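Open the model in your viewer and keep the sequence panel beside it. This tour goes from the whole chain to single side chains.

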Amino acid sequence: MKTTLLLMTMTLLGLFSGCKTTGGNAKAPQQPAPTMPQGELVEVDYHYQGMAMEMIGSPRLQRQTDGRALLSFELYGQERQFEVSDTLLAAARAIIEEERMYEYGVSYDLVMDGAMILDGYSWSFGATFLAADSTQVRLSSRGSNAEPDGDGLYRLRRLLTDAAMPFARQEMEQEQGR
């Protein structure tokens, strides 16, 4: 009787004290902290979509196999492409590193318990690095009405759209002169 009473008491104490057991020395696997990809930045792209149409949209900067750097973007919905200085790739790489954009999550979404967002926005960012052994490392992140902390997306967007602006102006002047 005393043994049964003791077992019941121990069981109740275990339930009320929140006792948990694990199967041996089980530990949650530790994920290594993300690190900045090594190698040359060969492509970076940024896309933003909101309620208003952007004059310059979806800028994409990439190094061609012949070494040239090309900036492509949409000018009021029409695809344009221009050769630019490769220093633009170095500037984009610096932003990615300084703003720790390699630590961005895969996806950012605003959760609002069933509420609808009527004037929302979405974005995506991608970057491809080419290592010395010719392997590629791709970073990518996207979001809908939410984004990571910091100024990385803003700075990258500014860099690419500011670089596209002189070409866009030139295109618009040519259109008006026709």
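Start with the whole protein. Residues 24 or more positions apart account for 61% of its contacts with a separation of 6 or more; contact means heavy atoms within 4.5 Å. This is a predicted model, where local features need pLDDT of at least 70, side-chain atom pairs count only at pLDDT 80 or more, and totals for chains, interfaces and linings use all residues. Residues are numbered from 1 along each chain as its sequence is written, and side-chain values use heavy atoms, with hydrogens and water left out.

Colour by secondary structure. Helices (H or I, at least four residues) and strands (E, at least two) are DSSP runs, numbered from the N terminus.

Now show the surface. The accessible area is about 12200 Å², and carbon and sulfur atoms hold 53% of it (Shrake-Rupley method, 1.4 Å probe). Of the 178 residues, 30% are buried, meaning under 20% relative accessible area.

**Stop 1: the core**

Select V44, L61, F73, I96 and F125. These have the most contacts inside the largest nonpolar core, which has 33 residues. Such a core is a set of buried Ala, Val, Leu, Ile, Met, Phe, Trp, Tyr and Cys residues joined through side-chain atoms within 4.5 Å. Elements giving two or more residues to this core include β1 (40–49), β2 (56–63), β6 (122–130) and α3. Helix α3 gives the most, with eight residues.

Zoom in on F73. Leaving aside neighbours within four places in sequence, F73 is in contact with residues including I56, P59, R80, F82, A164, F167 and A168.

**Stop 2: E171**

Move to helix α3, residues 152–177, and pick E171. Is E171 buried or exposed? E171 counts as buried because its relative accessibility is 16%. Beyond its neighbours within four places in sequence, E171 is in contact with L75, R80 and F82. Show side chains: a polar contact of 2.8 Å joins E171 to R80. A polar contact is a pair of N or O atoms within 3.5 Å; within protein, one must be able to donate a hydrogen and the other to accept it, and residues adjacent in sequence count only if both atoms are side-chain atoms.

**Stop 3: Q62**

Go to strand β2 and select Q62. Q62 counts as buried because its relative accessibility is 17%. Which side chain makes a polar contact of 2.7 Å with that of Q62? Pick R60. Not counting residues up to four places away in sequence, Q62 touches V42, E43, R68, A69 and L70. Last, check a distance: Q62 and V84 are 9.8 Å apart, C-alpha to C-alpha, and 22 residues apart in sequence.

Key. Buried means under 20% relative accessible area, exposed over 50%, partly exposed in between (1.4 Å probe, protein chains only).
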